[in-house]
Amino acid sequence: MSAPVLETENLVKVYGRGESRFDALKGLTFEIHQGESVAIVGKSGSGKSTLMHLLALLDAPTAGVVALEGQPVNKLKPKQVSKLRNETFGFVFQQFFLNPNQTVLENVTLPLKIAGVGTAERNRRGMAALEQLEMADKAKNKATNLSGGQKQRVCIARALINNPSVLFADEPTGNLDTNTGEIVEDILFGLHRDHGITLVVVTHDEDLAAKCQRRLIMQDGLIVREETGSSLPAEASHQEDAQ
Ligand SMILES: Nc1ncnc2c1ncn2[C@@H]1O[C@H](COP(=O)(O)OP(=O)(O)OP(=O)(O)O)[C@@H](O)[C@H]1O
Ligand SMILES: [Mg+2]
């Protein structure tokens, strides 16, 4: 069996020191396999975003190890880590993090620019991603002149531009109305189902968490429970289709 796409061993994160020391993660060991959908759930302050940032190699643990495809990340140089992150992961966050002064297309193609891809190829792939999310007609708009749902779709297009094998989403529907949230969920689970993308989702939304195949329940910096099983009927029919 292939190595898990992500693996942690005794992951610890401490913020601050002395009297302001806070133990945000207290030793987490678990695996995420390629093609899984995993929700990280728990109360506010339980450490969900902290954990996601460590898994996504956006921050380093105080102790413990994150391994990507069997390779411990702490053995790599910072430049190698950035490259791996850019090639392997896509990010969808609640606050969007779009550059308001750039066009939709420029925002979407930023990861390719970082990877050194030329302008023509960048724009071609950018337009293809926007088409996939039915946002091609907004390509030349400034990123500010969009609704919440449109911004989130731009973020998903940007997250997909590198064909990532893992998509991290932190409260992807948190700022959206119910309808728009459902559209975004359909897009995320469609990618999971049809393209085998690994989904790691932080959410307070129980319905969204229930759609994932696995839920890691966090409390005070620890995973206190794990649940399995998706509320989506698609898994079974998908397997039948494959036979
Ligand atoms: N940079 C930081 N410095 C100090 N403490 C921090 C820092 N970032 C997070 N924390 C603390 O670590 C704990 C976990 O924070 P984290 O953001 O991971 O929680 P969360 O589960 O994502 O919460 P929410 O559901 O509200 O987003 C919180 O108590 C928070 O105050
Ligand atoms: Mg959070």
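Mentor: Let us take α4 as the part in question: what covers its buried residues includes α3 (104-114) and α5 (148-160). Here two residues are in contact if their C-beta atoms, placed from the backbone, lie within 7 Å, and a residue is buried if 20 or more other C-beta atoms lie within 10 Å of its own, exposed if 12 or fewer, and partly exposed in between. Helices (H or I, at least four residues) and strands (E, at least two) are DSSP runs, numbered from the N terminus. This is a predicted model, in which local features need pLDDT of at least 70 and side-chain atom pairs count only at pLDDT 80 or more, while totals for chains, interfaces and linings use all residues. Residues are numbered from 1 along each chain as its sequence is written, and chains are lettered from A and ligands numbered from 1 in the order in which they are written.

α4 itself comprises the 14 residues 119-132 and reaches 20 Å from its first C-alpha to its last, close to the 20 Å expected at 1.5 Å a residue; the expected span is 1.5 Å times one less than the number of residues. Its buried residues are Arg122, Gly126, Ala129 and Leu130. They lie on the same side of α4 because they cover an arc of only 95 degrees around the axis, the arc being that of the directions from the helix axis to the C-beta atoms. On the other side of α4, Ala120 and Glu121 are exposed. After α4 comes Glu134, with a positive phi near 55 degrees.

One of the helices that cover α4, namely α5, is itself mostly covered, with 10 of its 13 residues buried. Among these buried residues are Lys151, Val154, Ile156 and Leu160. Their cover includes α4 in turn, together with β6 (89-93), α3, β7 (166-170) and α6 (178-195). The end C-alpha atoms of α5 are 18 Å apart, which agrees with the 18 Å that its 13 residues should span at 1.5 Å a residue.

Of the contacts in the chain with a separation of 6 or more, 68% are between residues 24 or more positions apart.
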